[in-house]
Each structure stands twice: as structure tokens, then as C-alpha cells.
Amino acid sequence: TCIISGTGLYGKGSVPEPDIVQEWREPTGRIIVDWKPDLDFTDETMVYGSISHGYKGGGANPPTISYPAGRFNERNSGVVSPPTFEPEFVNAFEVGTKDTLLGGALILNGSAFFYDYEGYQVSKIVDRSAANENSDAKIWGAELEWIYSPMRNLRFNGAFGALRTELGKGQRSIDLMDRV
């Protein structure tokens with residue numbers, strides 16, 4: 001349980017905010033299954049799959065800087081962040097393979113994954129202070145890496161990754177690099 005007390009002096013500065021009381025609890029876990037088949041074309045292979053449920057507790061945003069009436073302009077837009085943000089939940093799925101080939105000279109690993117977020121937490125700068133917001137999100141990806149050692153003291157390696165992300169339907173956020 002987290003309690004954050006409002007601050008401020010009566011008659012001077014900001015009016016005190018009420019205490020924010022939050023409690024965070026959620027079971028999490030991961031199940032992994034792997035299999036080592038005996039294949040003719042590899043020295044060793046492991047195929048795996050995992051399913052997990054993750055959780056990150058919510059929290060409180062810092063108080064928003066407020067400006068006197070009539071003092072808004074492009075720099076202080078008056079954007080107000082909510083006092084709290086919600087917890088984040090993720091269901092993650094991954095499948096992949098890890099292979100050793102050519103008498104140990106080649107290591108080849110590949111995986112594909114999908115993350116389904118509810119309340120994905122993102123920090124952004126609002127009125128010169130960090131604030132958190134929640135959005136639903138989905139992430140799909142694939143990775144491939146290889147290490148090839150054709151002779152002693154010579155090694156080549158490389159990696160490839162592909163990623164696709166999307167926010168939940170109808171959800172938006174400010175792109176701090178391109179605000180238009």
C-alpha cells in the first residue's frame with residue numbers, strides 16, 4: 001500500500017491535494033516448455049515456447065504545474081495530467097529455437113513473440129515534469145541471430161529483428177518528437 005500526502009501551505013502556494021491511497025496486487029507467472037529433438041542436420045537443437053502473465057503496479061504522477069489565469073501560451077499549454085496512473089498487465093507468448101551446427105562452428109537462434117498489454121505505462125514530459133499515462137498496446141516481433149566461427153580466432157556474427165507495435169483502438173498519445 002502506498003500513501004502519498006498532498007502538500008502546500010494554506011494561504012500560500014498550492015491548495016493541498018487529498019491523500020492518494022493505492023494498493024497493488026496481482027499474481028504473475030511464467031510457463032516454459034522446451035524440447036531437445038535429435039535431428040540429423042544439427043549437432044544440438046532446443047525448441048521452446050513460453051507463456052507469461054506480468055504486472056507492474058500503478059502509481060501517482062507529480063502535481064501538475066499550474067499557471068495564473070490568462071498566462072497560457074504555446075510553452076505552457078495547460079495540459080493537466082491525472083493524479084494517478086493505472087497498473088500495467090501483459091500476456092506474453094514466445095516460441096523459438098536454439099541450434100548448434102557444423103561441429104559447433106555455427107550457432108543459430110530464432111524466436112517470434114507477441115505481447116498483449118492492458119494499461120501499458122508510458123512516461124512523457126508535461127509542463128516540465130514527468131507524467132505517466134496508460135494505453136492498451138500490442139507488440140509482435142521476430143529475432144534471428146547467428147555466430148559463425150570458421151576457424152580459431154575468427155568469428156562472424158549478426159542479428160536481425162523485426163517489430164510491429166500498435167496502440168489500442170481510439171487511443172492516442174503525444175509524440176514528443178512530432179507534436180503535430
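Colleague: Why is Q121 called buried?

Modeller: Buried means under 20% relative accessible area, exposed over 50%, and partly exposed in between, with a 1.4 Å probe and protein chains only. Q121 has 13% relative accessibility, so Q121 counts as buried. This is a predicted model, in which local features need pLDDT of at least 70 and side-chain atom pairs count only at pLDDT 80 or more, while totals for chains, interfaces and linings use all residues. Residues are numbered from 1 along each chain as its sequence is written, and side-chain values use heavy atoms, with hydrogens and water left out.

Colleague: What is Q121 in contact with, leaving aside its neighbours within four places in sequence?

Modeller: Contact means heavy atoms within 4.5 Å. On that count Q121 touches K56, G57, G58, F85, E86, P87, E88, E133 and N134. Between the C-alpha atoms of Q121 and E133 there are 5.7 Å, although the two are 12 residues apart along the chain.

Colleague: Why is W146 called partly exposed?

Modeller: The relative accessibility of W146 is 35%, so W146 is classed as partly exposed. W146 belongs to strand β9, strands being DSSP runs of E, at least two residues, numbered from the N terminus.

Colleague: What makes up the largest nonpolar core?

Modeller: A nonpolar core is a set of buried Ala, Val, Leu, Ile, Met, Phe, Trp, Tyr and Cys residues joined through side-chain atoms within 4.5 Å. Here the set has 5 residues: V90, F113, Y117, A137 and I139. At least two residues of this core come from each of β8 (106-126) and β9.

Note on methods:
Helices (H or I, at least four residues) and strands (E, at least two) are DSSP runs, numbered from the N terminus.
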